[in-house]
Amino acid sequence: MKKFVILAALALSPYFMAQGIVSKPVQSFQSAQYQSKKKIFVDNLISKMTLDEKIGQLNLPSSGDFTTGQAQSSDIGKKVEQGLVGGLFNIKGVDKIRDVQKIAVEKSRLKIPMIFGMDVIHGYETTFPIPLGIASSWDMDLIQRSAQIAAQESTADGINWTFSPMVDVSRDPRWGRVSEGSGEDPYLGSQIAKAMVYGYQGNDLSKKNTMLACVKHFALYGAGEAGRDYNTVDMSHVQMYNMYFPPYKAAVDAGAGSVMASFNEVDGIPATGNKWLMTDVLRKQWDFKGFVVTDYTGINEMIDHGMGDLKQVSALAMNAGIDMDMVGEGFLKTLKQSISEGKVTEQTVTDAARRILEAKYDLGLFDDPYRYTDTKRAQKEVFSPKHLEAAKTIASQSMVLMKNDKQVLPLKKSGTVAVIGPLADNAMNMTGTWSVAAKHANSISLLRGLKETVGKDVNFIFAKGSNVYEDAKMEEKATMFGKDAGRDSRPAEEIRKEALTIANQADVIVLAMGESAEMSGESSSRTDIGIPETQKELLRELKKTGKPIVIVLFTGRPLVLTEESQLADAILNVWFPGSMAGYAISDVLYGKVNPSAKLPMTFPRSVGQVPLYYNSKNTGRPLSQENTDKCTFEKFRSNYLDECNTPLYPFGYGLSYTKFGYSDVSVSNAKPVGDTPIEASVTLTNSGKYEGAEIVQLYIRDLVGSNTRPVKELKGFQKVYLKAGESKKVTFKISPEDLKFFDNQLKYDWEAGDFDIMIGTSSSEVKTTRVNWSK
């Protein structure tokens, strides 16, 4: 029997996965004694501050880049010396950070240290899969570990604040920033939000290897109209509270120290100036104690929203509950005048400055402002072998097997393999979008990974086959920030012919295709979410060779893969796997790791179905299940003339090299009463030839409610490891807490009645039983 390495040292215990729980650190910096000491210290400091110095704490400029030793003479350095800067971001390197911090703590009047931030989104120099990819692992321990490593490397290099996690729920893959989030589901997104916060902040923010988390983008950023970045958002409060708010609240409840405002409007007011959002919801309803920072020039951008001039929008943001102004300097330039005019109170500014100072206290900067500038740490801990090994493990656990006809995978370690495609030998794109600290050339390409891991047993031959785009201008847009695709200037037919020649010499074709790294991410919205035509034409021609084709899919979003799913024999979705991409992909392709990941976001059949998501609601005219399954059109029902209602690949979907069978669902009590929990169980059997892991998913449907309810909602999941032929009883505990929702009066409670309890391998393949729960 073939063995797979699937139970890594980082894997989460089944108990915690079953309950959707991550291990919460005991946060010593939240004790009453600690809080009292902090208050006394900050009160004393604030009593000495001038109004200009208080406003200065609210100013967060971008450093630009300067050489070590130039900080003093720069414009930033002069402002720091005057006490007009609270922190900097986008400055990298211990020496540079120490230079600027030295000005703050040795030359400014009150010697207040600065905070240093960066977009550490999915790793620092050691990069992990993009967030949408790592969400596919459904493994909270691995996710938490990735954040811990990111914090360790960042802090070793001087950074103590990350603009992560991004917890925006999104149901529209046209929006490029789905790559930076955790997908479409509020429950899964909430578990990941908590895991990330715990990973970054640990149990003590003053430790040298922990950093301040920043939850973003508050709120609703992922629901922009037409999937266009920065666009208008308009939705009901019921939708906000039930489907979009939960991950933000989960991160706040986990102790996140900061929150970032979103670019979009909420109820007709930009989030950056929205007092209901920042004060009523965040601070009063959720009891958030940290500070709120704008996104890049978020205050200034309210001018284009039509909210007034710089002075007006700065006052609007300040009064709404914003504490820190990223880059725009609206606070620095206008708040003093607004106070003199009675438009803003000095107490409001004082309160904002207090929250910034409290965060610096939590980080231990007043005890030792240079605690994050140890050059020996950077040399030892950044991009270390130990971290790279963890990155490989996490990447392999995040790859989704989407098709595997006739068990083409795992590949045999023999013969000749044609490795083809514009992303096959491209290290620069392996880290994906938002990998600002990564050294892209250090990443392992697919071709290199294959040759170095199994090359002694397999003859690998390579041809590019196509460019990412045939249009050079489009490829330029798709390969920004140094992530070059190595464009081949020959005619497309000539490049393709070369690939066909080597394909005919091979036993199997591994085709690396999809998006390049910057085809998704911020400001990378797409109306056509298919693979570029020149790559599709390559696939069509390769199909004519009659050789088995394994697509290794690189993507930062769900794509329309209708044709690809028909032509390929196997599809392994690797997202953008990070620093160790090639090694991790090889481990999965050749069976060292049996894939177990599941999709955190629906893949549509066509872009016209978007937005498409599993936890939808029925209409008054739903299509019958029979016609839904057969993709049969029915007049005067909710369906399309030209497309199925169902997705190509549903939420929660993912295959394994082995096969798992589910028994019927049994419950401990079919007629529960009151708050007493029940248990729902299935017996899971590995009926295949190999050992493997299955992510068992629990869904619930509230059949009758005072408000319409989704057709199903994820309420739990468990990662279960089984040997070939092994069976295990998998049990979920369900309580009325799992049945609660916000009604149209925003009352949060559960209602008695019938509930479908569903357990299965994906949102579309479940076993169901019914309970009647009374109060």
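We go from the core to a sheet and then to some charged pairs.

A word on the ground rules: this is a predicted model, in which local features need pLDDT of at least 70, side-chain atom pairs count only at pLDDT 80 or more, and totals for chains, interfaces and linings use all residues. Residues are numbered from 1 along each chain as its sequence is written, and side-chain values use heavy atoms, with hydrogens and water left out.

**Stop 1: the core**

Select W161, F218 and F245, the residues with the most contacts inside the largest nonpolar core, which has 122 residues. Such a core is a set of buried Ala, Val, Leu, Ile, Met, Phe, Trp, Tyr and Cys residues joined through side-chain atoms within 4.5 Å; buried means under 20% relative accessible area, exposed over 50%, and partly exposed in between (1.4 Å probe, protein chains only). Next, show residues 186-201: this is helix 8, which gives the core its largest share, nine residues. Helices (H or I, at least four residues) and strands (E, at least two) are DSSP runs, numbered from the N terminus.

Now centre on F245. Its contacts (heavy atoms within 4.5 Å) include F218, M240, W276 and W286, not counting residues up to four places away in sequence. Another core, of 78 residues, lies apart from the largest one; L409, L500, V508 and A584 are among its members.

**Stop 2**

**Stop 2: charged pairs**

Side chains of opposite charge can pair when their charged atoms come close. The whole structure holds 50 salt bridges, each a side-chain nitrogen of Lys or Arg within 4 Å of a carboxyl oxygen of Asp or Glu.

Select K79 and D75, whose side chains meet at 3.7 Å, N to O. Both lie in helix 4 (residues 75-81), four residues apart, about one turn of the helix. K79 counts as buried, at 17% relative accessibility.

Then jump to D664 and K767, a salt bridge at 3.8 Å, N to O. D664 sits in the loop between strand 17 (660-662) and strand 18 (666-667) and K767 in strand 26 (residues 765-773), so the pair ties together parts 103 residues apart in sequence. Finish with D119, R177, E180, K216 and E522, linked in a network of salt bridges.
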